[in-house]
Amino acid sequence: MAVPYTFGSATTSIPLSQLDSNFATPITLGNTAIQLGNTVTTLNNMTFANVTVSSGTVNSSNVTSALFQSSGNYTVEYQLIAGGGGGSASVGGGGGGGVTQGALSVTVSTGYTVTIGAGGGGSSIGGNTSLTGATTAVGGGAGGSGAVGGAGGTGGGNQDSGAPSARVPPTTAGQGCAGGNGTTSTTAGGGGGGAGSVGGDGSSSSGYGGMGGSGILGLDGIFVSGGGGSSGVNGIAYGGNGGGGNGGKSGVSSSVAGTANTGGGGGGGYATAGASGGSGKAIIRYFGAQRGTGGTISSVGGWTYHVFTASGTFTA
């Protein structure tokens, strides 16, 4: 509210009554009128930017959107995608890398090590992806060969591929799905398991391999951890969405590797080499302006993202 009198150009004495009128005129903050000498404990309709509360208690009510961050700890969300397993030269597709997700309290100026798992070579399990203080994502299982699962099925791989006559389950519960069943009568492999669904079964009637299991949508909006497609005596199968590679067959096409930084499983081959799995990645995000460093940093929808496609350090 404007004062009734101004004295910027006064050349004579100023009447006390005019000064009293000015002092009696309240100022307005937001929609709250404040009288000189009065104490006000509530202000309405105020917008604050870059405010630091160093002590005391902050109470809020009827807040449409607010973010209060302390100067010490804060909480981030993370999603870790392990490296995908390699497809087998004996038809089984590689499993997609394991996926873990959760919340982690971090301390300002503290470094947190991020390790990105590599994709497994042909018939090899993928590498683990880890973040200090978080649940490690376990590498995808290797493509199966013969009548049993490959190394991933027995040696700690996660979303394991199919093998002739054997559905191989994940070795770490909650990180992905099993590989598909293979067949023995027509040599058609099962597809690698994905984070979202099991690998497809090989078909004994058609002699085609099973498709890779589907992946899931990552925190950064990109599908990850699709299973690798398999192959069979009569034809190949596609990999799952989320970077899974297609199967291959001699004289038709080569097996396709899992897509880098998706944790997709590699395609299995029939009379041709199995393909490697795709490398993993790590996603760290928190609401509000950038506070940490490390990885590729972006801001979307009010969130700050740190995406690691190679090993490094997140500093809170």
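These legends walk through a few views of one predicted model. Numbering starts from 1 along each chain as its sequence is written, and local features need pLDDT of at least 70, side-chain atom pairs count only at pLDDT 80 or more, while totals for chains, interfaces and linings use all residues. Side-chain values use heavy atoms, with hydrogens and water left out.

View 1. Helices (H or I, at least four residues) and strands (E, at least two) are DSSP runs, numbered from the N terminus. Of the chain's 316 residues, 43% count as buried, meaning under 20% relative accessible area (1.4 Å probe, protein chains only).

**View 2. A three-strand sheet in the order β6-β5-β16.** This open sheet has antiparallel pairing; two strands pair if DSSP finds at least two bridges between them. At the edges stand β6 (130-131) and β16 (312-315), each with a single partner strand, so one side of each has no neighbour in the sheet.

**View 3. Where β5 meets β16.** Strand β5 (residues 111-115) is joined to β16 by 4 bridges, and the two run antiparallel. Look for Thr113, which sits opposite Thr313 in β16.

**View 4. Leu43 in its loop.** You'll find Leu43 between β2 (32-34) and β3 (73-81).

Conventions. Buried < 20%, exposed > 50% of the residue type's maximum accessible area, 1.4 Å probe, protein only.
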